[in-house]
Amino acid sequence: MKQSYTDYFRSIDTHSPISSEFRVRTLSGALISIFTLVLTIYLIGSEYTYNLTPTFLDHVHVMPQSPDGLEVEFDITFQHIPCALLATDANDPTGQSQSFHIDKNHRVWKHRLDKNGNTIGHKSRFELGGTLIHEDQLDSLKAAKESKDDSTYATQQQQQGEELDEADDEEDCGSCYGAGEEDECCNTCDDVKRAYRRKSWHIPDISKISQCAHMLRTSNEEGEGCNVHGKIALSTGGGNLHFAPDRQWEKEGANQVQNPLGGLFLDLNSIIEMFNDAYEQFNVSHTVNKLTFGRSMPDEVRNSLNLTSQLDGVSRTVADGYGMFQYYLQVIPTKYQFLNGTSIETFQYSVTEHTRHVDPGSNRGLPGVFFFYEVSALHVEFEEYVRGYSHFFTGVCAAVGGAFTVMEMLDRKMFDLKSANARTVGGGVLG
């Protein structure tokens, strides 16, 4: 009799079921079945997370060109330095001052702190530039203040006196006291300081500047600390960002004498006091609350890649005022490419640090905190991707099939052991 196609297909069935009357159900088999079910559910969930959850694949390659700019956001607390004594600036690798890019999105602020670290009053804009980082700068400042017959200084005082007499009360355009360009307005104390610094002039008596009348002097801030925070744009060619003694220290008038050429200047005792204060009173103990380069990353990305800023929350203490902290940062351009087609270009950094002891007269510099940075030629790119459903189903079949096979082998082994034990006990009884 000719075999039908249906019978032919039935003959090649390798998964023929076993009749229930031939099945032997045991307690151990039930426990193994429950365990197999739980294991299967866990393996399916693991495969789903592994194959269908977005992850990042990293690539490293040489950067063909330098980034356009380096945006830096920082928040640093100096527990023992009054805001009146502190200045910040940035230099390029040759030691020349960088030009800060300052606009409505890039600004540096300072906030006075009491001895317990609590803020005092409102924050104010921080004047950039004018730091003292070498002892020869103190010598130059001393020489400038002792030269009473300097023609440039006389011209400065004369122009300042004229503008003091002619200054009006208009709020829309404040006087620059002889240091400004034509039609330039100086509406804040920082504007006046910036104009004087541009001409390499020194403000002889800051109390005469109406825009600075509200500012406190060093003596009023004795025992206080200072929090400095902000966002600035620096050059990608490398350099340093540093915090050091301010060139324009706002001393009280008690240590000032009349200059025969007009105006006031600090006497020699004040110069010596300034030199000593740079060491004795400038305790550079600090806490880096935040230091980041480039755009901030979403929290979910930071958590998935375990990204952290190495210096965030770091505190450093110096036993005396003769300290200089130096941080060397290797800044690495980084790009994150997301599944939706968007991307974020930012920076990561690694850091090594060094503490230098600077004694007066050692010519090793003045106390301060320096962040030296260098942009790496390597570029890191993180690409977000998912493995997909094909990987998911392949993994499920392999994991679930393997689980059932292993559990079935274990069940069969346990059943064979029980059967062998039963036969041994029954043979002994019969004998």
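**Labels and their cut-offs**

Guide: In the protein, 77% of the contacts with a separation of 6 or more are between residues 24 or more positions apart, where contact means heavy atoms within 4.5 Å. This is a predicted model, in which local features need pLDDT of at least 70 and side-chain atom pairs count only at pLDDT 80 or more, while totals for chains, interfaces and linings use all residues. Residues are numbered from 1 along each chain as its sequence is written, and side-chain values use heavy atoms, with hydrogens and water left out.

Visitor: What makes up the protein in helices and strands, and how many residues are buried as a percentage?

Guide: The protein has eight helices and 15 strands. Helices (H or I, at least four residues) and strands (E, at least two) are DSSP runs, numbered from the N terminus. Of the 431 residues, 41% are buried; buried means under 20% relative accessible area, exposed over 50%, and partly exposed in between, with a 1.4 Å probe and protein chains only.

Visitor: Why is the link of Cys-83 and Cys-226 called a disulfide?

Guide: A disulfide is a pair of cysteine sulfur atoms within 2.5 Å. The S to S distance of Cys-83 and Cys-226 is 2.1 Å, so the pair meets the definition.

Visitor: Which hand does the link of Cys-83 and Cys-226 have, and where are the two residues?

Guide: The link is right-handed, with 100° about the S-S bond. Cys-83 lies in the loop between β2 (70-78) and β3 (86-91), and Cys-226 in strand β6 (residues 225-234); the pair is 143 residues apart and links distant parts of the chain. Both Cys-83 and Cys-226 are buried.

Visitor: Why is the disulfide of Cys-173 and Cys-185 called left-handed?

Guide: The torsion about the S-S bond of Cys-173 and Cys-185 is about -95°, so the disulfide is left-handed. The S to S distance here is 1.9 Å. Cys-173 and Cys-185 are both in the loop between α4 (151-166) and α5 (189-198), twelve residues apart.

Visitor: Why is Cys-173 called partly exposed, and what of Cys-185?

Guide: Cys-173 has a relative accessible area of 28%, so the residue falls between the two limits and is partly exposed. Cys-185, at 31%, is partly exposed because that value also falls between them. Beyond its neighbours within four places in sequence, Cys-173 is in contact with Glu-184, Cys-185 and Asn-187. Cys-173 and Asn-187 are 14 residues apart in sequence and 6.1 Å apart in space, C-alpha to C-alpha.

Visitor: How do you know that Cys-176 and Cys-186 are joined?

Guide: The S to S distance of Cys-176 and Cys-186 is 1.9 Å, and the cut-off is 2.5 Å, so the pair is a disulfide. The link of Cys-176 and Cys-186 is right-handed, with 95° about the S-S bond. Both Cys-176 and Cys-186 are buried.

Visitor: What makes Cys-397 exposed?

Guide: Cys-397 has a relative accessible area of 59%, which is over 50%, so Cys-397 is exposed.

Visitor: What is the average pLDDT of the protein, and where is pLDDT under 50?

Guide: The average is 76, and 70% of the residues score at least 70; pLDDT is the predictor's confidence in each residue, from 0 to 100. Over residues 148-171 the pLDDT is below 50, and this stretch has 34 contacts in the model beyond near neighbours in sequence. Over residues 250-268 pLDDT also stays under 50, and the model has 55 contacts for them beyond four places in sequence.
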